[in-house]
Amino acid sequence: MTDTLSGLLWSRIEHIYQGVLAHPFVTGLTDGTLPPESFRHYIVQDAHYLRGYARALAVCAAKAPGEQDTVMFAEHAAGAVAAEQQMHAELMAELGSSPVDAAAEPVAPTTRAYLSYLLATVYGGSFAEGLGAVLPCYWIYARVGEELLTRSSPNKVYARWIAMYGGEEFKAVVDSVLALTDRLGGELSTAELDRMSEHFVTTSRYEWMFWDAGYRRETWPI
C-alpha cells in the first residue's frame, strides 16, 4: 500500500486512526452510550467547522492543477455547505434545537485552532500542502463511517450520522480525492512531500482532538 502517496500518508497516521476508533465518543456512537449533550456539542462545532472547511476547499479549487480538479473541489465546497445546512438542521431538530441556535454558540478552542491551521495552510502553502491539510477530514470520516456501519447504533440519530459517512456516496467523493493524491505523488519533490505529510499528520491529530473536544463539551476556560 505504501508504494502510492495515499498509502505512504496513511501509514503515518494509522496509530491516530486507531486512537479515533478507540475514543469513547466514537465507541459511544455505536453502543448508544454517548451522552446526547456531547453529540449536540459536536454537531454545533461541526457546523462551524464545515463553513470554514468549505472555504478551504474553495482555495484548493483555485490552486488545483487541472480543470477537472478545480471542478471537483468546487463541487465539494458547495457540498460541504449543503451538508451543513441540511444534515445539521435535521440533526439539530432531533436534538431539540435549531441551526439558528447552533450558529449563535461560540466557536470552541479546538474548532478555532483546527480551522486557523487549515486555512493558513491552504492560503499560504502549495496545492499539495493544502491537499495534505484537507485530506484527513475526507478520509478519516470515510474510514470511521465504513467501520461503524457494520455495527450501526441503537440510537436513531447516531445511526443516521453513521449511515451518511459510511455510505457509498461519501466513499465515492473520498475515492476521487485519493485518486488525485496518488496522481500528484510522482510530481512532488522530497521537500514538498515532507511538507504535505506534516500537514496531513497535523490535521489528522486535529480530527482526534475534534471528537475529544465534543466528548468533553469543550468551552473556553476564561
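Close-up 1. Arg216 and Asp212 pair up through their side chains in a salt bridge, 2.8 Å from N to O (a side-chain nitrogen of Lys or Arg within 4 Å of a carboxyl oxygen of Asp or Glu). This is a predicted model, where local features need pLDDT of at least 70 and side-chain atom pairs count only at pLDDT 80 or more, while totals for chains, interfaces and linings use all residues. Residues are numbered from 1 along each chain as its sequence is written, and side-chain values use heavy atoms, with hydrogens and water left out. Arg216 and Asp212 sit 4 residues apart in helix α11 (residues 190-216), so about one helical turn separates them; helices are DSSP runs of H or I, at least four residues, numbered from the N terminus. Asp212 is buried at 15% relative accessible area, whereas Arg216 is partly exposed at 46% (buried is under 20%, exposed over 50%, partly exposed in between, with a 1.4 Å probe and protein chains only). Arg216 also meets Glu218 in a salt bridge, at 3.4 Å from N to O. Glu218 is buried, with a relative accessible area of 12%.

Close-up 2. Asp175 is partly exposed at 36% relative accessible area, and Lys171 is partly exposed at 35%. The salt bridge count for the model comes to 9.

**Close-up 3. Helix α9 and its start.** Where α9 begins, a side-chain oxygen of Asn155 comes to within 2.9 Å of the backbone nitrogen of Val157. Val157 is one of the buried residues of α9 (residues 156-166), along with Tyr158, Ala159, Trp161, Ile162, Tyr165 and Gly166.

**Close-up 4. α4 alongside α7.** The axes of α4 (residues 36-63) and α7 (residues 109-124) come within 9 Å and cross at roughly 5 degrees (axes are lines fitted to C-alpha atoms over the stretch in contact, with angles from 0 to 180 degrees between N-to-C directions). The two helices are therefore roughly parallel, a label for angles under 35 degrees. The contact (heavy atoms within 4.5 Å) includes His48, Tyr49 and Arg55 of α4 and Tyr114, Leu115 and Leu118 of α7. Its residues split into 11 nonpolar, 5 polar and 2 charged; Ala, Val, Leu, Ile, Met, Phe, Trp, Tyr, Cys and Pro count as nonpolar, Asp, Glu, Lys and Arg as charged, and the others, Gly among them, as polar.

Terms used
Polar contact = N/O pair within 3.5 Å; in protein donor to acceptor, adjacent residues only side chain to side chain. Parallel < 35°, antiparallel > 145°, perpendicular 65-115°, else oblique.
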